Amino acid sequence: MDTIDNKKEIWLVASGDLRLAANRLCWQAQETMEAQLATAIARQGWHIRRAHHYDSVKQHGFIDSQRMGIEVFKRIPPNAPLIVAEAVWQYTHHVLAGLTTHQGPILTLANWSGQWPGLVGMLNLNGSLTKANVAYSTLWSVDFTDDFFSNGLKEWLEKGVVRHDLRHVTPFDLVKIPAADEDTGRSFARRLRTEKAIMGVFDEGCMGMYNAIVPDELLHSTGIFKERLSQSALYARMRTVSDTEAETVLQWLLDKGMTFKWGEDEETDLTRRQTLEQCKMYIAAVRMAADFGCNTIGIQYQQGLKDLTVASDLVEGLLNNQERPPVFSESGEELFAGEAIPHFNEVDECAGIDALVTYRLWKELGMSGENTLHDIRWGEHYSGNGIDDFVWVFLISGAVPASHFEGGYAAASSWRQSPMYFRLGGGTLRGVSKPGPIVWSRIYVKDGRLQADLGVGKAISLPEQETQRRWQATSPEWPIMHAVLHGVDRDQLMARHAANHIHVVYVTDEQAHRACRVKAAALDELGIEVHFCGDVAISGQ
């Protein structure tokens with residue numbers, strides 16, 4: 001391979017968080033992972049050269065800003081083999097500028113661990129590079145000694161690319177689905193495009209997620225248009241909500257049986273005051289959605305709003321549920337009565353398209369359309385209790401609707417978000433997703449157009465002890481789904497998925513494959529290039 005010289009030297013960068021507390025706390029995990037990686041590379045006769053050093057003042061060795069990333073890449077030979085190694089959540093824009101002009105082979109890499117969201121960070125980077133048309137390869141490993149990783153690394157060192165097994169992917173335009181399913185999906189999509197819809201965007205580009213921004217010209221072809229809103233306007237609107245209104249929302253949740261893990265320390269505990277502040281944000285968000293005629297909204301929160309007020313996660317979960325505390329306009333009119341207001345967490349606009357389409361289409365199919373995105377956080381094989389499969393841990397910080405829990409709000413609780421990420425507190429909408437068939441999906445940007453991957457699977461129940469083990473290995477304050485994807489194994493999903501997020505919605509028994517086919521037809525009609533992933537029945541039920 002002409003891009004790797006005889007020095008057998010591989011340059012390495014590590015993109016980190018923007019938040020100092022997160023970078024400091026997670027640095028040890030990154031150090032451990034890099035040491036394991038260096039040993040694995042040495043076994044292949046190569047060595048690592050780190051492009052940036054540990055900062056004794058900051059107490060971490062991450063690239064922690066876009067400017068720093070640009071300066072670091074100036075020192076990297078443009079044709080050198082380059083690894084982007086991630087054991088933590090990272091902000092893609094810290095390294096995206098340098099990666100867009102790097103000419104040597106690029107390998108994105110993460111440790112297979114749920115402790116910190118390194119896998120999530122790598123998938124976000126992959127999705128962003130895919131959108132930016134940057135060539136890259138990708139690998140992952142528990143300890144960098146397994147055959148899958150070793151063989152992949154050897155292939156990359158010798159050929160400059162790693163090729164993965166993608167036989168689970170079937171382009172929609174190469175199959176023929178039942179005419180009734182096709183007509184249902186296309187008819188729905190034509191109505192959506194004709195009627196048009198508004199996506200309320202409370203500031204774009206959350207946490208450097210370039211892949212989560214949909215160019216307007218691509219969005220418009222679907223019939224959806226952005227209403228650009230400001231998080232500062234949301235905060236200002238919160239200031240107009242009365243204490244009495246907030247108390248009414250909280251009492252509604254308590255009457256439904258939801259519990260709150262309250263304490264007294266504002267710095268480390270969820271407090272009643274923080275929850276009431278979230279209730280004000282919920283009311284303000286609904287009122288703004290009504291004022292601007294929005295059909296779906298996304299709140300960024302992480303930049304700007306996090307320095308003003310509590311986390312938005314409880315708010316997002318409430319918005320995604322049809323049964324939710326009623327909200328009234330200042331003149332006394334109930335807003336969006338009996339309806340969810342689909343919310344796309346972290347203002348992921350790709351998920352926003354999916355949320356709106358799925359919510360409306362499922363209702364037309366006679367099913368509950370309440371849906372959410374999750375992080376693809378981690379997973380392990382589980383055997384026992386009638387289960388012998390790879391079970392994913394899907395988590396998101398709090399946008400899961402209560403209808404996804406067995407028992408609804410009575411099975412939901414709210415825990416304080418980690419002070420590492422959420423300095424001013426605020427709680428989640430926490431619970432275990434109920435068992436049942438699901439349709440999963442991801443809309444993304446590739447080759448200058450919107451594309452979508454769809455598949456079927458199931459959420460399953462695991463023994464309480466196993467659920468707690470997985471929660472403790474990840475983020476116990478967040479809602480969790482134990483998911484099995486049909487016909488897609490661990491490495492196939494990781495190799496293909498162009499995002500840190502995956503979208504899920506429940507289906508009634510025996511309807512998963514039909515609903516997936518109808519949704520595929522609808523997305524195709526909207527001009528989105530669709531791919532079935534895994535075991536999706538193309539015909540029949």
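Let me begin with cysteine 516, which counts as buried because its relative accessibility is 0%, where buried means under 20% relative accessible area, exposed over 50% and partly exposed in between, with a 1.4 Å probe and protein chains only. Please keep in mind that this is a predicted model, in which local features need pLDDT of at least 70 and side-chain atom pairs count only at pLDDT 80 or more, while totals for chains, interfaces and linings use all residues. Residues are numbered from 1 along each chain as its sequence is written, and side-chain values use heavy atoms, with hydrogens and water left out.

Helices (H or I, at least four residues) and strands (E, at least two) are DSSP runs, numbered from the N terminus. Helix 12 covers residues 349-364, and its 16 residues should span 22 Å at 1.5 Å a residue, which agrees with the 23 Å between its end C-alpha atoms; the expected span is 1.5 Å times one less than the number of residues. Of those 16 residues, 13 are buried, and the helix is followed by glycine 366, whose phi is positive, near 85°.

On a 1 Å grid over the protein atoms alone, a cavity is a set of points where a 1.4 Å probe fits but cannot get out, and a pocket is an open set with protein on both sides within 12 Å along at least five of seven lines, while lining residues have an atom within 4 Å of a point. The structure holds 1 cavity of 30 Å³ or more, and about 40 Å³ of space lies in the largest cavity, where a volume is the space filled by probe spheres set on grid points joined across faces, edges and corners. Among the residues that line this cavity are Cys350, Ala351 and Asp354, and helix 12, strand 14 (436-446) and strand 17 (501-506) each supply at least two lining residues.

Finally, the largest pocket has a volume of about 450 Å³, and Thr130, Tyr136, Leu166, Lys446 and Ala495 lie nearest its centre among its 20 lining residues.
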